[in-house]
Amino acid sequence: MTTAAAATYRIFALQVVRTRRLGPSLVRVTFAGPDLHGFASDGCDQSLSLFLPRPGQEEPVLPMEYGDAWRQAWLDIPEDVRAVMRSYTLRTLRRDAQGLTTEIDIDFVLHGTEPGSATPAGPASQWASRARAGDRAVLLGPAVADNGAIRFRPPADADLVVIWADETALPAASAILESLPAGTRARAWLEVEHTEDIQDLVIAADADITWLVRNDSSPMAVDAVRAAQLPPAERPYVWIAGESGQVKELRRHLVREREIDRRRITFVGYWRRGLTEEQLREQE
């Protein structure tokens, strides 16, 4: 991190206070701790870096005292010892009467944790599936409410909000939809693995949401969006996030076939099929 980034982001020590299973593929972990009083975010798709302990460790092994040089100090720790780092988006934060953050929710996708699954579970999925109150984690997150890790920024003149997300981007998409004020028109496609992963969202906006369920052979991503008739709009704004290949294909469709101004499309590849986060980070 640069000095400016260090002022915007900082490291927070966290403890699990509770967990809640949201469906076969999803679990919500609620974190708290005195450090969180300094956590600040006004964004619905706030990006975070979460550090988790490896099996057999009580807490993540991460240098907390190196300031700007924390990343290199973390990389200098042997790979099988240093904390596992994974990228997530914030689902919810709660504040006390003084406006200080007291709790945050992060939703985890439990890839490969089901009995008999053909996909091996990653370290974050394994940790989240076993998480209990008192478990420790570390977070690199914002100390400034308006920061560069917030990407959902619709123009003031947007007359339609279009959203697509797979389950990795579902926390952000859900928070975005719940934040839209009454009278806002929105069209969203949310993709999950199982019907039981569908969530009840509290939405004030005029939002039409389609849940795409892979296990029910729903049309996915581009096919679902291409087949849909969007509400008429002169100045739509699009936010799409999830598997990078799907995101790129969707953006191409929206620009070329729907003729939406590419400058009004926010697109984020959260992961890439066939690559671990470490492998993806090496390619950046």
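1. Two strands pair if DSSP finds at least two bridges between them. Helices (H or I, at least four residues) and strands (E, at least two) are DSSP runs, numbered from the N terminus. In these terms, Arg 28 has Asp 107 in strand 6 as its bridge partner. Strand 2 and strand 6 (residues 101–109) pair in the antiparallel sense, over 7 bridges.

2. Basis of the note. This is a predicted model: local features need pLDDT of at least 70, side-chain atom pairs count only at pLDDT 80 or more, and totals for chains, interfaces and linings use all residues. Residues are numbered from 1 along each chain as its sequence is written, and side-chain values use heavy atoms, with hydrogens and water left out.

3. Strand 2 and its other partner. Strand 1 and strand 2 form a hairpin, with 2 residues between them. The two run antiparallel and are joined by 7 bridges. Thr 19 has Val 29 as its bridge partner in strand 2.

4. Cover on strand 2. Buried means under 20% relative accessible area, exposed over 50%, and partly exposed in between (1.4 Å probe, protein chains only).

5. Aromatic pairs. The structure holds 7 of them. Rings of Phe, Tyr and Trp (its six-membered ring) pair if their centres lie within 6.5 Å; planes under 30 degrees apart count as stacked, over 60 as edge-to-face and the rest as tilted. Phe 12 and Phe 39 form an edge-to-face pair, 5.6 Å centre to centre with 65° between the planes. This pair links distant parts of the chain, 27 residues apart. Phe 12 is in strand 1 (residues 9–23), and Phe 39 is in the loop between strand 2 (26–32) and strand 3 (47–52). Phe 12 is buried, at 0% relative accessible area. Phe 39 also counts as buried, at 2%.

6. Phe 51 and Trp 70 sit 5.5 Å apart centre to centre, with 90° between the planes. Phe 51 lies in strand 3 and Trp 70 in helix 2 (residues 70–76), so the pair ties together parts 19 residues apart in sequence. Phe 51 is buried at 0% relative accessible area. Trp 70 is buried at 5%.

7. Other ring contacts. Phe 31, Tyr 88, Phe 108 and Trp 127 are linked into a cluster by ring pairs. Arg 82 lies over the face of Trp 74, at 5.0 Å from the ring centre. The criterion is NZ of Lys or CZ of Arg within 6 Å of the ring centre and within 35 degrees of the ring normal.

8. Which strands stand at its edges? The sheet is open, with 5 strands in the order 10-9-8-11-12 and parallel pairing. Strand 10 (206–213) and strand 12 (265–271) are at the edges, each with a single partner strand, so one side of each has no neighbour in the sheet. Neighbouring strands are turned by 10° against each other on average, direction ignored. Strand 8 (residues 160–165) and strand 9 (residues 185–192) run parallel and are joined by 5 bridges. Ala 165 has Leu 190 in strand 9 as its bridge partner.

9. Helices across the sheet. Contact means heavy atoms within 4.5 Å. Axes are lines fitted to C-alpha atoms, for helices over the stretch in contact, and angles run from 0 to 180 degrees between N-to-C directions. Helix 4 (residues 170–179) lies across strand 8, strand 9, strand 10, strand 11 (236–243) and strand 12. Its direction is at about 155° to strand 9. Helix 6 (residues 244–257) lies across strand 8, strand 11 and strand 12, at about 155° to strand 11.

10. Ile 209. This residue lies in strand 10. Ile 209 counts as partly exposed, at 24% relative accessibility. Leaving aside neighbours within four places in sequence, Ile 209 is in contact with Leu 177, Arg 187, Ala 188, Leu 190, Leu 201 and Ile 203. Its C-alpha atom is separated by 12 Å from that of Ala 228, 19 residues apart along the chain.

11. Thr 184. This residue is in the loop between helix 4 and strand 9. Thr 184 is buried, at 19% relative accessible area. Leaving aside neighbours within four places in sequence, Thr 184 is in contact with Val 161, Ala 205 and Asp 206.
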